Amino acid sequence: TIAQDYIPGRAVSISFLVGPGSIVPLLPCAQHLSRDGRFRYEGGHCPLKEPDLRIRTTKLGLEALKTITGLSGYVGVDLVLGAAGDGSEDAVIEVNPRLTTSYLGLKSLAITNLAKTLLALCSSDDYRIPEWKAGYVDFTSSGTFAMDSE
């Protein structure tokens, strides 16, 4: 068991495609956690609707990954965005070096094939920065999702 101090704020996540010398951020997502005090992950939506929160999430996620050597592949970062608009209360909670549930939502919004992009990035081939459809997607931890176009 790992015990951490409670950090108030908004639960968010961001995933990255990581290859030799390159880190490609994907769309930042909101996380939906249970309200029973146990903080169970129930799903989320992406992308985050507020541009300033997207920027803060991407910046802190990149900073976290740059401190870890040897990462390669699909990596998710869970964060909490605090109340301070300057990001001074934001915190990294966890780094997940694997596919995460938000991949379901990201895959449905991607115009670019994310798996193909990841393979090209990891093999140092030419890769395309992912392109995205307009709109939002909600997803649950059980794998269901719904899209909402803008």
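Predicted model: local features only at pLDDT ≥ 70, side-chain atom pairs only at ≥ 80, totals over all residues.

Biologist: Then why is Tyr74 called buried?

Modeller: The relative accessible area of Tyr74 is 6%. Buried means under 20%, so Tyr74 is buried.

Biologist: What makes Tyr74 and Tyr103 an edge-to-face pair?

Modeller: Rings of Phe, Tyr and Trp (for Trp, the six-membered ring) pair if their centres lie within 6.5 Å; planes under 30 degrees apart count as stacked, over 60 as edge-to-face and the rest as tilted. That rule gives one aromatic pair here. The ring centres of Tyr74 and Tyr103 are 5.5 Å apart and the planes meet at 85°, so the pair is edge-to-face. Tyr74 belongs to strand S5 and Tyr103 to helix H2 (residues 102-109), so the pair ties together parts 29 residues apart in sequence. The helices (H or I, at least four residues) and strands (E, at least two) are DSSP runs, numbered from the N terminus.

Biologist: Why does Tyr103 count as buried, and what makes H2 mostly covered?

Modeller: Tyr103 has 18% relative accessibility, so it counts as buried. Six of the eight residues of H2 are buried; they are Ser102, Tyr103, Gly105, Leu106, Ser108 and Leu109.

Biologist: How do you know that a charge sits over the ring of Tyr136?

Modeller: The test asks for NZ of Lys or CZ of Arg within 6 Å of the ring centre and within 35 degrees of the ring normal. The charged end of Lys49 sits over the Tyr136 ring, 4.8 Å from its centre.

Biologist: Which residues does Thr57 touch, and why is Thr57 called buried?

Modeller: Contact means heavy atoms within 4.5 Å. Thr57, in helix H1, touches Val12, Ser13, Ile14, Pro28, Leu48, Leu79 and Leu81, leaving out residues up to four places away in sequence. Its relative accessible area is 0%, so Thr57 is buried.

Biologist: What makes Leu26 buried, and what does Leu26 touch?

Modeller: Leu26 lies in the loop between strand S2 (22-25) and S3. Its relative accessibility is 3%, so Leu26 counts as buried. Not counting residues up to four places away in sequence, Leu26 touches Ile14, Ser15, Leu17, Tyr74, Leu106, Leu114, Pro130 and Trp132.

Biologist: Why is Asn96 called buried?

Modeller: Asn96, in strand S6, has 7% relative accessibility, so it counts as buried. With residues up to four places away set aside, Asn96 touches Tyr74, Val75, Gly76 and Asp78.

Biologist: And why do Gly9 and Ile68 get other labels?

Modeller: Gly9, in the segment before S1, stands at 53%, so it counts as exposed. Ile68, in the loop between H1 and S5, stands at 34%, so it counts as partly exposed. Beyond neighbours within four places in sequence, Gly9 is still in contact with Val80, Leu81 and Gly82.

Biologist: What makes the peptide bond between Cys46 and Pro47 stand out?

Modeller: It is a cis bond, with omega about -5°. Pro47 is placed in the loop between strand S4 (41-46) and helix H1 (51-65).

Biologist: Last, what makes something a pocket, and how much space lies in the largest pocket?

Modeller: On a 1 Å grid over the protein atoms alone, a pocket is an open set of points where a 1.4 Å probe fits, with protein on both sides within 12 Å along at least five of seven lines; lining residues have an atom within 4 Å of a point. Points are joined across faces, edges and corners, and a volume is the space filled by probe spheres set on them. The largest pocket holds about 760 Å³. Its lining has 27 residues, with Ala11, Gln31, Leu33, Phe39 and Ile93 nearest the centre. Strands S1 (10-19), S3 (29-33), S5 (73-81) and S6 (91-96) each supply at least two lining residues.

Biologist: How does that lining divide by residue type?

Modeller: Ala, Val, Leu, Ile, Met, Phe, Trp, Tyr, Cys and Pro count as nonpolar, Asp, Glu, Lys and Arg as charged, and the others, Gly among them, as polar. The lining comes out as 11 nonpolar, 10 polar and six charged.

Notes. Residues numbered from 1 in each chain as written. Heavy atoms only, no water. Buried < 20%, exposed > 50% of the residue type's maximum accessible area, 1.4 Å probe, protein only.
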